[in-house]
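Here are a few notes to read alongside the model, written for someone meeting it for the first time. Please keep the view open as you go through the points.

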Amino acid sequence: MGLKVLSALDTAKTQLYHFKAIVIAGMGLFTDAYDLFSITPVMTLVGRVYYQDKHYEIPAAVKSAMLAVALLGTATGQVVFGILGDRVGRRRVYGLALALMVLSSIGCGFSICTTRSCVLVSLGFFRFLLGLGIGGDYPLSATIMSEFANKKTRGAFIAAVFSMQGFGILASSTVTMIVCSIFDRASNYPPSNHTPMGADIAWRLILLLGALPAAMTYYWRMMMPETARYTALVERNVAQAAKDMEKVLDVSLADITEDSPVSPPTPNFPFFSNEFLRRHGRDLLSCAAAWFLVDVVFYSSNLFQSRIYTQFLPPKLTRNVYQDAFNEAKLQAIVAVCSTIPGYWVSVYFIDRLGRVKIQIMGFLFMGIGYFAIAIPYNRYWDSDHKFGFMVIYCLTFFFSNFGPNTTTFILPAELFPARFRSTCHGISGAAGKIGAIIGAVGFLWASHDRSDNGIGMQASLIILGGASLVGVAVTYLFTRETTGRSLEENEKEDEYAGVWFIRLFLHNNTASASSRLSVGEHEDMSSRSTANSIRSSTPIH
């Protein structure tokens, strides 16, 4: 029989605290998106200030390093804070991740010195620290939200936390446009080829302002109690879990206090063990592989933006640097409003209706179709009559990324694993994704260059991204199991799931054959048929 406090969490009505938790937990994702999307116009400003002798163009190696260092920090932070979240508690390290994000964002803005090499080294260092904080926030925010939510709307709550990225994108574009407009009006430098002195302040201010929303939620984050699931199942203090839950949710302590002292069963296997691999190895593989694939595609798309935007913007040096950055931010805002943010919120609406697996398969599939539709007639799209069609399809790939695997890969690792491993497994899955992001952001930045520049060209790069999306369809279909409508504890108890994917591949077309194969061993005939039927009934076969 389950603990009362956990049953109460699973059946609790949606309350004000749930929405408060979404905002508090979502600020880390907001900062992540703000930094990712503000860096494109920021690097335009940096190029005009510090690369005047290079025709204002930052070398590709410098751009790659600046992107890779932040992603490497994020991958490191996901693993480190994920492990800490399971070992010392979600709440104890949650504030540390946010503080690291705030301080490193301020550090990026105050990047030391005014010489080119010193500024770039300083900016790279603080972006690595920012990545650490952002990486730490991923597993902690997802885990905390999953452990506070009820099982009916858990997916929507976690998706809502992740959707704060959309507002981070829009905020970065809006702040960039406002700052550039103010500096442009105040500069009084009409020559288009002159870089005003204020440009060196403008990019710093844009990065500094990104720290404000996260800093404003720091107090409330520190006031959050430890999740009842961690306290009850990992710290094994059921009475304290009930008291903590009463503080934040509208429940009576008498209704969630056990009639007699009870202690959850002691975990009997560590993370690095064959038993963990048998029970949860397949889930970890499916989460890590899907996140890796979607980030290869997603971060490559972000990098292609600068090349795509040039088709819709006047040539550089026909306007001043503030107009360059303003126009890049404006197009980012248009893409965010038309495709990115709607994708996030369509996911919030449908995630508990359609299920995670269906949405992930659909998203990967339409992303693949979109990239092939862009790639095959690629050269035609740049004709004046077709380039807007290219932009529409490009926006649709963003829509189905967010109404698809970009959201579901954040949700699933927070639902599939036991409480004592949940944060760690989410961190490992996310780190695999950021390795994919480094490949996408750095590898495809080079690969998309023409063959004359030792690249494979944009068309071939887009075809590869379409292929990666179709691999994501296969990984999801074969390895990912559905979590919709199930409590987190139900996922822990299904030891048999480790072998379900074999059944999907080989046995589901022949029930009799499946029963006979499963009956090998000590338990014969009826007991093995019962096990097979149990597996099939609890796992959807796609």
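**Notes on helices and buried residues**

1. The crossing of α2 and α7 is left-handed, a term used when the near helix is turned anticlockwise from the far one by less than a right angle (right-handed if clockwise). Helices are DSSP runs of H or I with at least four residues, numbered from the N terminus. Before going on, please note that this is a predicted model, in which local features need pLDDT of at least 70 and side-chain atom pairs count only at pLDDT 80 or more, while totals for chains, interfaces and linings use all residues. Residues are numbered from 1 along each chain as its sequence is written, and side-chain values use heavy atoms, without hydrogens and water.

2. Helix α2 spans residues 16-50 and helix α7 residues 199-209; their axes come within 9 Å and cross at roughly 165°. Axes here are lines fitted to C-alpha atoms over the stretch in contact, with angles from 0 to 180 degrees between N-to-C directions. The pair is therefore roughly antiparallel, the word for angles over 145 degrees.

3. Which residues of α2 meet α7? They are Y34, S38, V42, L45, V46, V49 and Y50, and their partners in α7 include W203 and R204. Contact means heavy atoms within 4.5 Å.

4. Now look at helix α6 (residues 154-187) and helix α14 (residues 321-354), which pack at about 165° with axes 9 Å apart. These two helices are therefore roughly antiparallel as well, and the crossing of α6 and α14 is left-handed. The residues of their contact divide into 22 nonpolar, 11 polar and 4 charged.

5. In helix α11 (residues 238-248), V238, A241, A242, D244, M245 and V248 are buried, meaning under 20% relative accessible area with a 1.4 Å probe and protein chains only. They cover an arc of only 165° around the axis, so they sit on the same side of α11. The arc is taken from the directions from the helix axis to the C-beta atoms.

6. S423 lies in helix α19 (residues 422-447) and is buried, with a relative accessible area of 0%. S423 and P139 are 284 residues apart in sequence, yet 5.3 Å apart in space, C-alpha to C-alpha. Not counting residues up to four places away in sequence, S423 touches P139 and others, among them F81, D86 and R90.

7. T407, in helix α18 (residues 405-411), is buried at 1% relative accessibility. Leaving aside neighbours within four places in sequence, T407 is in contact with A159, F162, Y344, S347, S401 and N402.

Conventions. Angles under 35 degrees count as roughly parallel, over 145 as roughly antiparallel, 65 to 115 as roughly perpendicular and the rest as oblique. Ala, Val, Leu, Ile, Met, Phe, Trp, Tyr, Cys and Pro count as nonpolar, Asp, Glu, Lys and Arg as charged, and the others, Gly among them, as polar. Buried means under 20% relative accessible area, exposed over 50%, partly exposed in between (1.4 Å probe, protein chains only).
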